[in-house]
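Please look at the model as a whole before reading on. The paragraphs below then lead through its parts in turn.

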Amino acid sequence: MPLFLRMALQDVCKWEALDTQGPSPHLPEAGGWAVPRGCDPQTFLQIYGPRLAHGTTTLAFRFRHGVIAAADTRSSCGSYVACPASRKVIPVHQHLLGTTSGTSADCVTWYRVLQRELRLRELREGQLPSVAGTAKLLSAMLSRYRGLDLCVATALCGWDHSGPALFYVYSDGTCLQGNIFSVGSGSPYAYGVLDRSYRYDMTIQEAYTLARCAVAHATHRDAYSGGSVDLFHVRETGWEYVSRSDACVLYRELQKAPNLEQEAEASQVHPEPATPQDAEEGGELFVEPEEVTPEDYRIIAKTEMMGPGLGDAGFQLQESPCPLPRLEMSIEDVGN
């Protein structure tokens, strides 16, 4: 709007320009909820609000070729499966999408609000905000409703002028930047797979396989996750919907070909320690030669030659011409 026209509107119609930096004024106020007169909205919702159990598995990680986002498709409320084929990865614009975890209605509503705010910013400023700016905007809008049972946990995955970017935003205003995020009831199982195999310099196919494997294992262990595995890839040219795979079929395929060579190597490098039960069954306790080092022999020799004196600074091991007699016992003596 031209400056002279804006000044004329301000003088004649008492019009005030909107704040282009803050959130839209069309959002309802935090205290403007329809609750009984005289009741505090936060206290009323904590006492009389519905208690809904949430369950899902979503993940996202950043690597050399962009950002991968994956999620299961089961929408549940407690033990009730409301929809087995829902979409938990929501596109925001061509270079940005986000995973949703929490209350489905809250997540969809706030992503619509975010899409509107970004569109208004693009019309006002001529360009879209960066991924970091989008995460800060969403965090600022959500923080106004802290304590009102709003449940939104999302991972914003995008590509801007600085390259691939990944941010985690929660409904209490938390905003974090990182390389790996997994949200939902199945996230501990997904983190176990991601922490073992994640590398920033992965190939595209390795990243696809890692994301599918992590979500498939989580759906197998978590009762509130299931259905299928949606896979998205955010590139420099924009986001791409890669595939949707059945979680049960994918997990069975992963179980058919276990890596036996790695298990054999691991068992050789880390042998199982012997126990007293093995000695009772086999007659004697067998110890691998590499488990006792020369340092262990020196410690044993010093303890056998323990002297009678104690230093002021603590215990000191000294050699004595009259060593203490060794106490030899058998397993039967210990039992008596």
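Helices (H or I, at least four residues) and strands (E, at least two) are DSSP runs, numbered from the N terminus. The model is predicted: local features need pLDDT of at least 70, side-chain atom pairs count only at pLDDT 80 or more, and totals for chains, interfaces and linings use all residues. Residues are numbered from 1 along each chain as its sequence is written, and side-chain values use heavy atoms, with hydrogens and water left out.

The protein contains 11 helices and 12 strands. Of its 336 residues, 34% are buried, where buried means under 20% relative accessible area, exposed means over 50%, and partly exposed lies in between (1.4 Å probe, protein chains only). A contact means heavy atoms within 4.5 Å. Among contacts between residues at least 6 apart in sequence, 61% join residues at least 24 apart.

Trp159 stands opposite Pro164 in E8.

Is Thr154 buried or exposed? This residue lies in strand E7, and Thr154 counts as buried because its relative accessibility is 1%. Not counting residues up to four places away in sequence, Thr154 touches Gly98, Thr99, Tyr111, Leu138, Phe167, Tyr168 and Val169. The side chain of Thr154 also reaches the backbone oxygen of Thr99 at 2.6 Å. Such a polar contact is a pair of N or O atoms within 3.5 Å; within protein, one must be able to donate a hydrogen and the other to accept it, and residues adjacent in sequence count only if both atoms are side-chain atoms.

Another open sheet of five strands has the order E10-E1-E2-E11-E12, with antiparallel pairing. Strand E10 (180-183) and E12 stand at its edges with a single partner strand each, so one side of each is left without a neighbour in the sheet. Neighbouring strands here are turned by 15 degrees against each other on average, direction ignored. Strand E2 (residues 66-72) pairs with E11 in the antiparallel sense over six bridges, and the bridge partner of Ala70 in E11 is Leu231. Helix H5 (residues 187-197) lies across strand E1 (58-63) and E10, running at about 155 degrees to E10. Helix H7 packs on the sheet as well, touching E11 and E12, and its direction makes about 80 degrees with that of E12.

Strand E11 (residues 228-235) and strand E12 (residues 238-246) pair in the antiparallel sense over eight bridges. These two strands form a hairpin with two residues between them, and His233 has Glu240 in E12 as its bridge partner.

Trp239 is also found in strand E12. With a relative accessibility of 31%, Trp239 counts as partly exposed. Leaving aside neighbours within four places in sequence, the residues in contact with Trp239 include Pro91, His93, Leu97 and Phe232. The side chain of Trp239 reaches the backbone oxygen of His93 at 3.1 Å. The C-alpha atoms of Trp239 and Leu97 are separated by 7.6 Å, although these residues are 142 residues apart along the chain.

Finally, consider a pair of helices. The axes of H6 (residues 204-221) and H7 (residues 247-256) come within 9 Å and cross at roughly 105 degrees. Angles under 35 degrees count as roughly parallel, over 145 as roughly antiparallel, 65 to 115 as roughly perpendicular and the rest as oblique; H6 and H7 are therefore roughly perpendicular to each other.

Definitions and conventions: Axes fitted to C-alpha atoms, helices over the stretch in contact; angles between N-to-C directions. Pairing = 2+ DSSP bridges.
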